[in-house]
Amino acid sequence: MYLVSREQHKEEERRQRAEVATKRNEAAMFVRLMRATYDNSVAAEQARKGLVVLDAWYGALVSHRRPGSSPDDSSSQPQVADVKVATQCLVKDSKLILSAESKASLPGFFDPVPSQHKSFRVRYEFRGLLHEVTVDDTEPLQAPKRAHLIR
């Protein structure tokens, strides 16, 4: 009985990895298509000292090491997706507004860690000042905000 459930667990992990790889490839295709929009958005925002996304990550931003695993164990490393290009493409008139839905549903995003807690972190520049914010996956986000300013 134990062996069957263990095999089922391994098969589920394989299926999940294949699904993540497929979603990662789809997101990469979207990002390639977004490249011109991204370049235009960055140029326009820089010209008006607006909101320019410097870094954006989505996924399990905090690693959870299993007891007995080494720091080199890949399963203990944070599993995140770089969503900088996709996030900049969501900036309109120097504002980034995201609703209270999973960020995985946004174009150019994918869920790098199905069935795990996810967060979304954005580091951006606004009016020449560095800002950073981290929100839970389904938490709404409005930027820029003075509370995001890094002092």
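Predicted model: local features only at pLDDT ≥ 70, side-chain atom pairs only at ≥ 80, totals over all residues.
**Entry 1: Asp136 and its surroundings**

I began with the side chains of aspartate 136 and histidine 117, which a polar contact of 3.2 Å joins. By polar contact I mean a pair of N or O atoms within 3.5 Å; within protein, one must be able to donate a hydrogen and the other to accept it, and residues adjacent in sequence count only if both atoms are side-chain atoms. Residues are numbered from 1 along each chain as its sequence is written, and side-chain values use heavy atoms, with hydrogens and water left out.

Where does aspartate 136 sit? I found aspartate 136 in strand 5, residues 129–136. Helices (H or I, at least four residues) and strands (E, at least two) are DSSP runs, numbered from the N terminus. Aspartate 136 counts as partly exposed because its relative accessibility is 38%; the classes are buried under 20% relative accessible area, exposed over 50% and partly exposed in between, with a 1.4 Å probe and protein chains only. Leaving out residues up to four places away in sequence, I listed Lys103, His117, Lys118 and Ser119 as touching aspartate 136, where contact means heavy atoms within 4.5 Å. Lysine 118 is 18 residues from aspartate 136 along the chain, and their C-alpha atoms are separated by 6.3 Å.

**Entry 2: Ser119**

Is serine 119 buried or exposed? Serine 119 is buried, because its relative accessible area is 10%. Beyond its neighbours within four places in sequence, I saw contacts of serine 119 with Trp57, Tyr58, Gly59 and Leu61, and also with Thr134, Val135, Asp136 and Asp137.

I then looked at the loop between helix 1 and strand 1 (52–60), which holds glycine 50. Glycine 50 has a relative accessible area of 5%, so it is buried. Apart from residues up to four places away in sequence, glycine 50 touches Glu45, Ser94, Glu125, Phe126 and Arg127. Arginine 127 is 77 residues from glycine 50 in sequence, yet 5.9 Å away in space, C-alpha to C-alpha.

Arginine 127 lies in the loop between strand 4 and strand 5, and its phi is near 55 degrees, a positive value in a residue other than glycine. Arginine 127 counts as exposed because its relative accessibility is 60%. Lysine 49, in the loop between helix 1 and strand 1, also has a positive phi, near 55 degrees. With 55% relative accessibility, lysine 49 is therefore classed as exposed.

**Entry 3: A cis bond**

I noted a cis peptide bond from alanine 143 to proline 144, with omega near 10 degrees. Proline 144 belongs to the segment after strand 6 (141–143).

**Entry 4: The whole chain**

Zooming out, I counted two helices and six strands, in the pattern α-β-β-α-β-β-β-β along the sequence. Of the 151 residues, 34% are buried. Among contacts with a separation of 6 or more, 63% come from residues 24 or more positions apart.

Last, I checked pLDDT, the predictor's confidence in each residue, from 0 to 100. The chain's mean pLDDT is 87, and 87% of its residues reach 70 or more. Residues 69–74 have pLDDT below 50, and this stretch has nine contacts in the model beyond near neighbours in sequence.
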